[in-house]
Amino acid sequence: AFERIDHGCWLDDEEQRRRWLIKSLLQAEGVDLAAWRARFASDLGDDLPELDALAADGLTTRDGDSLRLTPAGLERSDAIGPWLYSGRAVERMRAYDLR
């Protein structure tokens, strides 16, 4: 069953960044900002300035070289993940036919 892929899409640079962010931020360890810089040769805040809104609402905290969800952020993680999806990803999901 794992010999071929039946569905999916190629991720451009922006989508790779968003995927990496979502997979990291929604974990208790959070985003390793040094690893982000090493992987993408940029700063997370420059790449995704919408994260400032999460910080302003008390949903993230920066601890050294990590960005983590606060307890309030963890409570809202089911909403934060989709909030970070790009418009293109949302459109692709809407267009996907499950039949």
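**Figure 1. Burial and overall architecture of the predicted chain.** Of the 99 residues of the chain, 30% count as buried, where buried means under 20% relative accessible area, exposed means over 50%, and partly exposed lies in between (1.4 Å probe, protein chains only). The model is predicted: local features need pLDDT of at least 70, side-chain atom pairs count only at pLDDT 80 or more, and totals for chains, interfaces and linings use all residues. Residues are numbered from 1 along each chain as its sequence is written, and side-chain values use heavy atoms, with hydrogens and water left out. The secondary structure comprises seven helices and three strands, taken as DSSP runs numbered from the N terminus (helices: H or I, at least four residues; strands: E, at least two). From the N terminus on, these elements follow the order α-β-α-α-α-β-β-α-α-α. The C-alpha trace spans about 45 × 30 × 25 Å along its principal axes. Among contacts (heavy atoms within 4.5 Å) with a separation of 6 or more, 54% are between residues 24 or more positions apart.

Figure 2. Rings of Phe, Tyr and Trp (its six-membered ring) are paired if their centres lie within 6.5 Å; planes under 30 degrees apart count as stacked, over 60 as edge-to-face and the rest as tilted. By this rule the count comes to three aromatic pairs. One of them, Trp20 with Phe40, is edge-to-face, at 5.9 Å centre to centre and with 85 degrees between the planes. This pair links distant parts of the chain, since Trp20 belongs to helix H1 (residues 13–25) and Phe40 to helix H2 (residues 33–40), 20 residues apart. Trp20 counts as partly exposed because its relative accessibility is 24%, whereas Phe40, with a relative accessible area of 7%, is buried. The rings of Trp36 and Phe40 have their centres 4.5 Å apart and their planes at 50 degrees, so this pair is tilted. Trp36 and Phe40 are separated by about one helical turn because they are four residues apart in helix H2. Both Trp36 and Phe40 are buried. Together, Trp20, Trp36 and Phe40 make up one aromatic cluster.

**Figure 3. The open antiparallel sheet.** Three strands form an open sheet in the order S1-S3-S2, with antiparallel pairing; two strands pair if DSSP finds at least two bridges between them. Strands S1 (31–32) and S2 (60–63) stand at the edges, and each has a single partner strand, so one side of each is left without a neighbour in the sheet. S2 is joined to strand S3 (residues 66–69) by four bridges, the two running antiparallel. Arg62 stands opposite Leu67 in S3. Asp63 and Arg68 form a salt bridge in which the closest N and O atoms are 3.1 Å apart. Arg68 is partly exposed, with a relative accessible area of 26%.

Figure 4. The structure holds ten salt bridges, each defined by a side-chain nitrogen of Lys or Arg within 4 Å of a carboxyl oxygen of Asp or Glu. In one of these, the side chains of Glu15 and Arg88 meet at 3.2 Å, N to O. The pair connects distant parts of the chain, with Glu15 in helix H1 and Arg88 in helix H7 (residues 87–95), 73 residues apart. Glu15 is buried at a relative accessible area of 7%, while Arg88, at 39% relative accessibility, counts as partly exposed. A network of salt bridges links Glu14, Glu15, Arg18, Glu50 and Arg88. Arg18 is found in helix H1 and is buried, with a relative accessible area of 11%. Leaving aside residues up to four places away in sequence, Arg18 touches Leu48, Glu50, Leu84, Tyr85 and Ser86.

Figure 5. Arg94 forms a salt bridge with Glu91, the closest N and O atoms being 2.9 Å apart. Both residues lie in helix H7, three residues apart, about one turn of the helix. Arg94 is exposed, with a relative accessible area of 61%; Glu91 counts as partly exposed at 47% relative accessibility.
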